[in-house]
Amino acid sequence: MPNSGARSTVLFVAGLMGITGVAAAAAASHGADPRLLGGASAMCLAHAPALVALHAGWTHFRTAAVAALLLAAGTALFAGDLTARHALGHGLFPMSAPLGGLTMTAGWLAVALGAFLPSKVS
């Protein structure tokens, strides 16, 4: 995928993640037990702005692409597992939430490591 296509995809995913976070928060406020959907909402609403920031800094931030991929995939796994547990009574697959959390952690590590790498643009 060309770099500009990947960058546009990150912004698109950020928008979808924001929509999902708001919808999950609304659903959590009307259900009997808001913990699972509330957690899914929090993860989506915390990571959507991070993806927007990575999109904005894409041309200067050397680890933006890998950080965005890891944050988006990790959030999807983690929030998806919580949402499945709420809606279906079981998770996506065994250890999907911990795998999502580990993947998000790797994404944030990629963000941190980007501070020590030279900028893409001189």
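## Ground rules

Contact here means heavy atoms within 4.5 Å. Helices (H or I, at least four residues) and strands (E, at least two) are DSSP runs, numbered from the N terminus. The model is a predicted one, where local features need pLDDT of at least 70 and side-chain atom pairs count only at pLDDT 80 or more, while totals for chains, interfaces and linings use all residues. Residues are numbered from 1 along each chain as its sequence is written, and side-chain values use heavy atoms, with hydrogens and water left out.

## Helix H4

Let's start with H4, which covers residues 96-114. This helix has 19 residues and reaches 27 Å from its first C-alpha to its last, close to the expected 27 Å at 1.5 Å a residue (the expected span is 1.5 Å times one less than the number of residues).

Which residues of H4 are buried? They are Ser96, Ala97, Gly100, Gly101, Thr103, Met104, Gly107, Ala110 and Gly114, where buried means under 20% relative accessible area, exposed over 50% and partly exposed in between (1.4 Å probe, protein chains only). These buried residues of H4 pack against H2 and H3.

## The nonpolar core

The largest nonpolar core has 20 residues, and Met17, Leu51, Leu54, Trp58 and Ala68 touch the most other members. H1, H2 and helix H3 (64-88) are the elements giving two or more residues to this core, and H3 gives the most, with seven. A core of this kind is a set of buried Ala, Val, Leu, Ile, Met, Phe, Trp, Tyr and Cys residues joined through side-chain atoms within 4.5 Å.

Zooming in on Leu54, its contacts are Phe61, Ala64, Ala67, Ala68, Leu71 and Val111, leaving aside residues up to four places away in sequence.

## A greasy bit of surface

Leu92, Phe93, Leu99 and Leu102 make a nonpolar patch on the surface, with about 370 Å² of accessible area together. Patch members have over 30% relative accessible area and no salt bridge; like charges are joined within 9 Å, nonpolar side chains (Val, Leu, Ile, Met, Phe, Trp, Tyr) within 5 Å. A salt bridge is a side-chain nitrogen of Lys or Arg within 4 Å of a carboxyl oxygen of Asp or Glu, and areas come from Shrake-Rupley with a 1.4 Å probe, counting only the protein chains shown as cover for residues.

Leu102 lies in H4 and is exposed, at 58% relative accessible area. In soluble globular proteins, nonpolar side chains tend to be buried together.

## Two distances

Ala23, in H1, is partly exposed at 43%. Its C-alpha is separated by 7.7 Å from that of Ser41, 18 residues apart along the chain.

Gly31 is in the loop between H1 (3-30) and H2 (35-56), partly exposed at 33%. The C-alpha atoms of Gly31 and Pro98, 67 residues apart along the chain, are separated by 25 Å.
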